[in-house]
Amino acid sequence: MRRVRALGQLLALIHEEGVSSRAELTARLALSRSAMGTLLAELEDLGLVQVDETSPRRRAGVGRPSHVVRIDPDGPVALAVQLQADSFLVADVGLGGSLRDLTAVPLPPEQRADVDSVLDLIIDVVVGRLRQSRRRVVGVGVAVPGLVSRYDGFVQRAVPLRWVGVPLAQRLGEGLAQQPGTAWPLVANDEDLAALAEHRHGSGRGSRYQLWLAHEHLGLGGALVIEGELYLGSAGFAMEAGHLVVNPHGRTCWCGSTGCLETEVAQIGLLRSADRDVPDVPDLAGAVDQLLADAAAGDDAAVLAVQRAGRYLGIGLGTLVNILNPDRIVVGALLARLIDFAEAVVTEHIRERSLVGAAAEVPIVAGKLERPALVGAGDLALQALLDDPAIAGRLPAARRAATPS
Ligand SMILES: [Zn+2]
């Protein structure tokens with residue numbers, strides 16, 4: 001049992017570090033050289049890592065050369081799915097958080113309202129990918145823009161999809177049972193998964209209390225990663241930061257409250273503040289891009305809208321910093337752009353509300369990953385491999401070549 005744990009710890013470290021030297025790994029895990037040699041040989045035999053014996057890497061010319069350890073490019077992957085308002089994404093996620101073969105499957109407007117038809121389409125696509133995969137597949141992880149119970153994958157509500165009460169993990173699990181050897185799918189909230197991926201592979205690495213905040217697609221979500229673990233709450237619904245009230249006289253939110261961070265700061269709010277039309281989802285991101293570009297060019301209404309959003313973001317972040325005391329705040333791409341533009345007003349409002357001076361100095365950094373929720377969905381399914389790397393030896397063999405149908 002201790003050996004399984006040591007093997008898992010080593011694989012988790014390589015998973016998060018990417019390429020590493022054998023000497024660094026040995027020091028980080030406080031192992032002897034021979035114990036490290038045995039563990040690495042086992043991971044190599046399982047087709048999980050490669051140890052480069054031929055080109056040792058010297059560190060700044062001092063010390064003795066050490067072998068380079070990297071993820072085996074033919075190693076197992078997780079199949080990651082991310083549901084969005086108008087489409088879903090599917091990709092292979094390998095150890096190290098590498099994303100490959102990304103496909104976007106559009107959901108035509110007439111199909112979106114019919115949950116059964118959307119689920120059938122996802123199952124078809126996923127089964128097709130599993131059948132054709134040239135790499136061993138550990139399992140399927142799914143990111144959902146909504147309230148999801150992490151314990152049974154039940155979607156309570158997903159506003160962008162207009163879903164209420166969908167037993168997603170169960171439905172997908174039944175559908176995927178036609179593909180023997182496939183593990184039960186794991187389902188989680190997209191912002192939770194994005195936060196986890198940034199913590200493991202992106203801008204949150206090394207932080208102990210990482211607050212994540214992002215607005216993508218329609219809403220605004222948050223998550224908290226404490227000592228490497230997501231804070232989920234008793235039922236898995238914690239950290240709905242988008243529904244923190246920042247303006248009691250603000251706009252009505254779908255959640256029933258008024259002036260939530262989401263309604264005051266997210267895309268629709270931004271466009272409304274500038275008296276602009278709010279297009280349907282496929283064109284929403286472009287409209288917000290245009291608004292930010294116009295603000296940068298000095299358009300008065302656009303500047304006011306962005307400054308207004310910055311003020312409410314600062315109020316929300318100030319409250320979150322007081323309650324959670326994070327050591328780093330990582331934000332999604334769109335929020336990072338908004339903060340870039342309205343940095344003075346955002347930090348002024350955080351500082352105004354900070355009870356402790358130092359709390360106002362918490363660094364706010366942009367996320368590094370292009371598709372953090374998708375990488376996180378992969379991480380969710382890869383966890384089984386990190387818990388017990390030996391399962392790699394029991395996974396169904398990969399297709400060596402595409403078989404003509
Ligand atoms: Zn709300």
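Hi everyone. Before we look, two notes on the model. It is a predicted one, where local features need pLDDT of at least 70, side-chain atom pairs count only at pLDDT 80 or more, and totals for chains, interfaces and linings use all residues. Residues are numbered from 1 along each chain as its sequence is written.

Let's start with the sheet. It is open, has 5 strands in the order S6-S5-S4-S7-S11, and its pairing is mixed. Strands and helices here are DSSP runs, E with at least two residues for strands and H or I with at least four for helices, numbered from the N terminus. Two strands pair if DSSP finds at least two bridges between them.

Which strands stand at the edges? They are S6 (99-106) and S11 (186-189); each has a single partner strand, so one side of each is left without a neighbour in the sheet. From one strand to the next, the twist averages 20 degrees. For angles, axes are lines fitted to C-alpha atoms, for helices over the stretch in contact, and values run from 0 to 180 degrees between N-to-C directions.

Now the pairs. S4 (residues 77-83) and S5 (residues 87-94) are antiparallel, with 7 bridges. S4 and S7 run parallel, joined by 5 bridges, and S7 pairs with S11 in the parallel sense over 4 bridges. Please find Val81: it stands opposite Val90 in S5, and its bridge partner in S7 is Val142.

H14 (residues 372-387) lies across S4, S5, S6, S7 and S11, at about 140 degrees to S7. Contact means that two residues have C-beta atoms, placed from the backbone, within 7 Å. Leaving aside neighbours within four places in sequence, the contacts of Val81 include Phe88, Ile122 and Ala377.

How covered is S7? Mostly: 8 of its 8 residues are buried. Buried means 20 or more other C-beta atoms within 10 Å of a residue's own, exposed means 12 or fewer, and partly exposed is in between, with C-beta atoms placed from the backbone. Take Gly139, found in S7 (residues 137-144): it is buried, with 24 other C-beta atoms within 10 Å. Beyond four places in sequence, its contacts include Ala78, Pro185 and Ala384.

Next, the core. In soluble globular proteins, nonpolar side chains tend to be buried together. A nonpolar core is a set of buried Ala, Val, Leu, Ile, Met, Phe, Trp, Tyr and Cys residues joined through C-beta atoms within 7 Å. The largest one has 107 residues, and Val81, Val142 and Val144 are among those that touch the most other members. Helix H11 (residues 300-324) gives this core its largest share, 10 residues.

Last stop, helix H1 (residues 2-17). Its 16 residues should span 22 Å at 1.5 Å a residue, and its end C-alpha atoms are 22 Å apart, which agrees. The expected span is 1.5 Å times one less than the number of residues. Its buried residues are Leu7, Leu10, Leu11, Ile14 and His15. They cover an arc of only 140 degrees around the axis, which puts them on the same side of H1; the arc is that of the directions from the helix axis to the C-beta atoms. Exposed Arg2 and Arg5 sit on the face turned away from that buried side. After H1 comes Gly18, with a positive phi near 75 degrees.
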